[in-house]
Amino acid sequence: MKRRDFIKVGSILTVPVFFNGFGLKVFANKPVPSINEYNDKILILIQMDGGNDTLNTVIPLDQYSNLSKVRANIMIPENKVLKVTDKTGFHPAMTGLRSMMDESKLNIVRAAGYPNQNRSHFRSTDIWMSGSAANVQKTTGWMGSYFSQEHSDYPTGYPNSDINYPFAITIGSTASNTCQGELGNYSIAVSDATQAGELFEGEWEKLPDNCFGHQLSYVRETIRQSNAYSDIVSEAYNKGNNLSTKYPEDNKLAKSLKDVAKMISGGLKTKVYIVRLGGFDTHSGQVDTTDVTKGKHAELLKTLSDAIEAFQDDLNLLDIEERVVGMTFSEFGRRIKSNASFGTDHGSAVDMFVFGKCINAGFTGENPKISDNVDKKEAVAMQTDYRDVYGSLLVDWFEASEDDVKSFLYEDFKKLPIISSCSPSSNETVITDNFDVIISPNPVSGRATISFTSRGEQIKVSVINELGSEIKQINNKVFENGRQEIIFDAGSLSSGIYFINIASKNMFVSKKLVKI
Amino acid sequence: MSNTMTLKTDKALSKCPNPSSLTPYQGEWTWREASHLLRRTLFGPTYEQISVSISEGMEKTINTLFEPQAAPDLPINYYFANDPEVPIGETWVGKKFTPGIQGLATSRNNSLLAWIMNQVLEKKVSILEKMILFWHNHLVISDIGSAELKYQYILLVRKYALGDFKQFVKDMTINPAMLLYLNGNENTAKAPNENYGRELMELFTIGKGPLVGDGDYTNYTEQDVVEFSRALSGWVVRQGKAVFKSIRHDKGIKQLSHRFDNKSLGNLEADEYKKVVDIIFDQEETSKFICRQLYIWFANYEITEDVETNVIVPMAKILRDNNFAIEPAVKALLQSEHFYNDCVIGSIIKSPIDFSTTLLKAGEFPVPKDDIILQYKYSISIVRRILRKQEQNYFDIPSVAGWPAYYQEPVYYKIWLSSVTLPLRNSLVTALVKGNTKLGKKSLTMDLLKIVSKFDSPEDPNKLLRSMTDLFLAYSLTDEQYEFLKTQVLLPGLPDYEWTVEYSDYANDPNNESKSKPILNRLQEVMLVLLNLAEFQMM
């Protein structure tokens with residue numbers, strides 16, 4: 001292991017332009033934005049490159065016999081399928097996602113796609129990235145379109161004093177096209193020193209010992225230093241934490257998601273993280289010829305499922321679970337009929353996994369119907385327009401208006417009930433305010449007095465940061481009946497917004513504290 | 001840890017091998033050598049130009065580079081309707097300039113800049129434009145308002161760019177723009193102005209050596225500055241022409257220092273400046289000084305003792321043996337063994353002009369050649385949006401010493417890069433690759449489909465990436481970097497054949513946008529990575 005605790009921002013030049021150091025725009029003067037700056041929700045996009053074979057991922061048990069006729073050589077034995085319901089089960093490699101289903105943290109959108117499916121990897125990826133219809137050439141990404149609603153001048157004037165963090169981060173060396181805007185890409189590329197970025201940059205040790213090598217090392221260093229976001233990202237990463245022990249070794253996706261969790265827990269306000277997992281283009285050797293539950297596809301699904309499970313576990317332990325939702329996408333599903341190489345060819349609609357604590361668990365849509373006479377070219381038909389999924393996340397998670405989504409994404413947008421109402425963690429939350437909590441002075445620079453009424457019970461008083469993580473426990477004991485006063489010295493806190501949480505077995509109150 | 005190896009210090013540079021001398025290069029002539037030669041002598045060679053050079057060999061390529069070029073058409077008024085003398089589409093050169101017409105001076109200056117850019121963006125295998133910029137940086141004029149005078153200056157530079165350096169300096173001494181820029185026109189017997197006399201020696205010809213005594217700069221002394229300045233007095237600029245006014249000329253004896261063998265100069269009136277230049281050129285140091293400047297321009301800034309002995313000294317001898325004709329000396333450098341060694345290839349950090357012309361020319365930007373007015377507009381937009389922003393523009397040089405990248409020790413070319421200029425370069429790359437720049441209604445986009453169509457087997461992703469890096473980078477990437485470009489950028493998670501299938505599909509139906517656009521998008525992805533690599537900052 002080398003340089004594990006070191007994240008690289010911009011191993012290549014991904015610097016936005018900034019003039020005069022600070023932004024040219026003052027957001028305070030604007031009308032109420034369609035993008036809520038105070039919304040602290042985060043979206044994780046997991047791109048499954050290559051086109052995932054949905055039918056061997058989420059297996060329609062009620063179609064098993066017809067399916068067996070046309071994909072016998074790759075069909076998962078019925079008794080190996082991880083059953084979710086009587087009609088539907090998962091590939092046996094997906095134990096992690098299976099248990100998330102039990103925890104009500106997974107929603108599977110069945111057969112998402114678009115009319116007139118294009119079976120070219122490149123074109124279909126472009127469509128999924130841009131959020132366009134099949135016959136429309138769009139150069140911006142769907143998240144890029146969303147960000148540009150409020151920040152159309154980007155990258156001119158960014159970062160600035162209001163938005164000093166990248167809007168989005170792609171883990172890897174290139175910024176994802178999902179975040180491409182008119183003038184720049186809203187995501188920056190961030191790579192782990194142990195991963196591709198280093199390979200890509202070429203190892204410094206291997207630089208030729210000649211003038212080219214000497215100059216090159218200078219240029220690389222200058223690029224690194226000039227990346228406008230590198231400090232804020234590295235700072236959050238170094239401040240952040242991972243608590244889950246479930247992250248598997250040798251799982252590239254898990255490594256990426258682990259870094260994401262670390263950045264989020266470190267306080268980075270970035271809204272969107274994009275990670276990728278490639279290899280789903282399983283034309284041949286999708287399954288092991290001797291054991292169909294093994295093989296390329298099984299490994300990929302295990303990688304995906306284990307990584308997501310560990311990530312979710314980490315978010316839970318870090319107490320930031322309510323702020324994060326994830327979504328997978330892939331450019332298409334594959335054919336119903338398998339081919340003779342124990343694989344499947346390019347198809348149409350594909351299932352999407354939406355995961356997190358704040359989602360309605362279960363299935364959106366139904367099992368595909370497999371006829372008893374499947375054509376060689378036939379693929380899973382679309383049930384849900386993928387843009388309805390995008391739009392639902394924008395509306396219910398990022399608080400975009402439905403009208404906006406219709407105008408910049410998809411005219412016929414229909415919201416799907418994917419997101420559930422999860423109480424926001426960083427806004428002032430009062431479940432039952434019977435403690436009569438008073439904090440004074442507030443804002444505070446040094447000592448504050450916290451007073452509250454106790455019913456003679458065990459009460460825990462703690463300080464929570466803006467991200468919802470507990471940073472200090474002030475007291476956790478039985479308080480006598482009556483009015484109580486405790487002194488809290490906020491002197492060591494850095495300036496910003498905090499919450500004083502007061503919790504008993506039956507009550508919970510959170511009050512905002514502003515440190516100046 | 002081994003990665004703490006510091007490569008940044010210039011001390012490390014002395015480790016560079018600097019073998020050989022001006023012995024002609026005899027090695028193989030491959031992409032590496034051919035592209036190196038053309039990157040250093042052209043502004044942004046194209047794939048075709050490099051391919052042709054490989055098949056023709058070094059000698060033929062160098063001969064082509066030095067072929068005489070026809071004079072370009074005169075610069076025209078391309079947009080200004082209120083010029084009383086010059087209708088749109090006609091030249092303003094030699095035409096009356098009426099003061100007080102708002103926008104007139106600007107229109108002529110814009111025209112001149114666009115006209116220069118027209119030549120620079122011409123896809124021609126000729127060293128001329130690079131030599132012109134060399135001389136502009138060496139015999140600087142800046143802050144001159146009159147487009148007419150600047151045009152006369154640049155004509156002079158064109159005339160002597162590869163010619164007789166000595167005669168060039170003589171003509172430049174009484175060039176009207178130069179007389180104005182370095183106050184030669186204010187230099188009179190009664191009120192001498194030493195500005196030109198000083199720079200003539202310090203920067204233009206013999207160079208300033210170490211200060212070894214009171215006012216003694218090894219190659220010349222303060223006394224020589226005073227005496228030469230006297231000899232140069234009497235010239236003024238009248239109606240845009242240099243005129244000698246005998247009455248303003250210092251007619252006394254000018255006594256030079258021991259640095260010029262205590263020579264003295266009597267009154268030669270209007271011919272006296274020629275004698276001044278002759279005396280300076282009689283010193284061997286003058287030939288060496290200009291060769292060092294040429295070396296920094298074309299090869300590398302690091303002039304070690306080895307380089308001085310084995311490259312500069314013999315080059316200077318060639319220069320003297322050819323009566324200061326520049327061409328043989330530059331040719332000798334470009335065809336030397338030294339020029340193709342590891343310490344020269346890839347060692348230059350691109351100037352803003354090199355950086356942007358590489359994007360534009362190697363990037364196959366369609367120059368609107370059939371419409372002269374549009375061509376001027378295209379060129380001026382390059383000047384405005386790129387050169388001016390990145391602070392390397394013609395007639396706008398920070399000081400008489402030129403751009404610091406060519407003289408500022410110890411950083412030299414490194415000075416081009418900073419946290420201000422890198423983002424500008426980055427946004428330029430994005431704009432040009434993604435087509436976010438517009439010229440009129442047309443958006444300017446790097447024509448990637450055209451570029452790759454010229455490659456050998458673009459449907460093979462491995463060959464495609466090799467060709468792309470060959471075209472844009474001076475050095476090959478490592479195998480890991482290629483692997484990364486392929487598996488993470490061009491074909492994330494896909495097997496190689498998916499590229500072949502989709503590219504061939506497009507190639508058979510190239511006008512079908514639903515097939516070409518996805519290919520273009522992949523190529524753009526690769527380009528965005530490639531052109532934002534540190535490696536692309538070098539040439």
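This section describes the confidence, domain organisation, strand pairing and nonpolar cores of a predicted model.

The predicted model scores ipTM 0.84 and pTM 0.75. For chain B, the average pLDDT is 91, and 95% of the residues score at least 70. An exception to this level is found over residues 1-14 of chain B, where the pLDDT is below 50; in the model this stretch has 18 contacts beyond near neighbours in sequence. Where pLDDT is low, the predicted coordinates should not be read in detail.

Chain A comprises 516 residues, of which 53% count as buried. Its secondary structure consists of eleven helices and 20 strands. Among the contacts in chain A with a separation of 6 or more, 74% are accounted for by residues 24 or more positions apart. The domain assignment divides chain A into domain 1, covering 7-397 and 404-408, and domain 2, covering 438-515. Contact between these two domains of chain A involves six residues of domain 1 and four residues of domain 2. On the side of domain 1 of chain A that touches domain 2, two residues are nonpolar, two are polar and two are charged.

Several strand pairings were identified in chain A. An open sheet is formed by three strands of chain A in the order β3-β5-β4, with antiparallel pairing. Strands β3 (58-60) and β4 (82-83) of chain A are the edge strands, each pairing on one side only. Strand β4(A) is joined by two bridges to β5 of chain A (residues 88-90), and these strands run antiparallel. Within this pairing, A:Lys83 stands opposite A:Gly89 of β5(A).

A further set of pairings involves strand β15 of chain A (residues 447-455), which is joined by three bridges to strand β14 of chain A (residues 438-440) in an antiparallel arrangement. Strands β14(A) and β15(A) are connected by a hairpin through six residues, and A:Ser440 has A:Thr449 in β15(A) as its bridge partner. Strand β15(A) also runs antiparallel to strand β18 of chain A (residues 481-489), to which nine bridges join it. In this second pairing, A:Ala448 is placed opposite A:Phe488 of β18(A).

Chain B is divided into three domains: domain 1 (19-68 + 285-336), domain 2 (167-282) and domain 3 (352-537). The C-alpha centres of domain 2 and domain 3 of chain B are 46 Å apart.

The largest nonpolar core contains 162 residues, and those with the most contacts inside it are B:Cys291, B:Met315, B:Leu333, B:Val526, B:Met527 and B:Leu530. Helix α22 of chain B (residues 513-531) gives the most to this core, contributing nine residues. Not counting residues up to four places away in sequence, B:Val526 touches B:Met468, B:Leu485, B:Val489 and B:Leu490. Another core, of 111 residues, lies apart from the largest one and includes A:Val58, A:Ala261, A:Val354 and A:Ile418. In soluble globular proteins, nonpolar side chains tend to be buried together.

The segment after α22 of chain B contains B:Gln537. This residue, B:Gln537, is classed as buried because 27 other C-beta atoms lie within 10 Å, the criterion being 20 or more. With residues up to four places away in sequence left out, B:Gln537 touches A:Val219 as well as B:Ile349, B:Lys350 and B:Leu417. The C-alpha atom of B:Gln537 is separated by 44 Å from that of B:Trp235, the two residues being 302 residues apart along the chain.

Technical notes. Residues numbered from 1 in each chain as written. Chains lettered and ligands numbered in written order. Predicted model: local features only at pLDDT ≥ 70, side-chain atom pairs only at ≥ 80, totals over all residues. pLDDT = per-residue confidence, 0-100. Contact = placed C-beta atoms within 7 Å. Pairing = 2+ DSSP bridges. Helix = DSSP H or I, 4+ residues; strand = E, 2+ residues; numbered from the N terminus. Domains from an automatic or database assignment. Nonpolar A, V, L, I, M, F, W, Y, C, P; charged D, E, K, R; others polar. Core = buried A, V, L, I, M, F, W, Y, C linked by C-beta atoms within 7 Å. Buried ≥ 20, exposed ≤ 12 C-beta atoms within 10 Å, placed from the backbone.
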